[in-house]
Amino acid sequence: MKLMKMILMSKKNIKMRRVQFEYRNDEASSVFIVGDFNSWDPKKHEMKRNNGGTYLKTLMLPHGSYQYKFLVDGKWKNDPLNKATSVNCFRQLNNVIYAH
């Protein structure tokens with residue numbers, strides 16, 4: 001019982017950070033943001049397209065660093081606006097975002 005109470009209390013003290021992701025592509029029909037913040041779930045965070053052809057998604061993330069990619073019409077794409085990268089277990093590059 002004490003362990004459960006401590007876990008619940010610690011979750012309340014986590015400070016969340018607002019992180020906005022942006023992907024520019026006039027021709028894409030669907031764009032998802034996928035990363036370790038959503039267990040690499042390719043359908044969890046669909047991005048919304050604005051009138052200018054830019055896809056946007058704002059997430060609230062706990063402080064930390066996260067690897068991610070965009071899934072654009074079913075194809076993995078790196079973030080051209082973010083030069084921070086890390087090599088993943090498949091020896092390909094993921095982008096890295098820092099929520100702080």
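**Strand pairing and aromatic contacts**

In the predicted model, strand β3 (residues 48–49) pairs with β4 in the antiparallel sense over two bridges. Within this pairing, K48 stands opposite L56 in β4. Four residues separate β3 from β4 in the hairpin that the two strands form, and G53 in the turn has a positive phi of about 85°. Strand β4 (residues 54–62) also pairs with strand β1 (residues 16–24), again in the antiparallel sense, over nine bridges. There, M16 is placed opposite P62 in β4.

The average pLDDT is 89, and 88% of the residues score at least 70. The lowest confidence falls in helix α1 (residues 2–12), with a mean of 52, whereas strand β2 (residues 31–35) has the highest, at 98.

Six aromatic pairs are found in a search of the whole structure. One of them joins F21 and Y68 in an edge-to-face arrangement, with 5.0 Å centre to centre and 70° between the planes. Because F21 lies in strand β1 and Y68 in strand β5 (residues 64–72), this pair ties together parts that are 47 residues apart in sequence. Both F21 and Y68 are buried. A further edge-to-face pair, formed by W40 and W76, has 6.3 Å centre to centre and 70° between the planes. W40 lies in the loop between β2 and β3 and W76 in strand β6 (residues 75–77), so parts that are 36 residues apart in sequence are tied together by the pair. W40 is partly exposed, at 32% relative accessibility, and W76 is likewise partly exposed, with a relative accessible area of 45%. One aromatic cluster is formed by F21, Y23, F37, Y66, Y68 and F70.

Key
Residues are numbered from 1 along each chain as its sequence is written. This is a predicted model: local features need pLDDT of at least 70, side-chain atom pairs count only at pLDDT 80 or more; totals for chains, interfaces and linings use all residues. Side-chain values use heavy atoms; hydrogens and water are left out. Two strands pair if DSSP finds at least two bridges between them. pLDDT is the predictor's confidence in each residue, from 0 to 100. Rings of Phe, Tyr and Trp (its six-membered ring) pair if their centres lie within 6.5 Å; planes under 30 degrees apart count as stacked, over 60 as edge-to-face and the rest as tilted. Buried means under 20% relative accessible area, exposed over 50%, partly exposed in between (1.4 Å probe, protein chains only).
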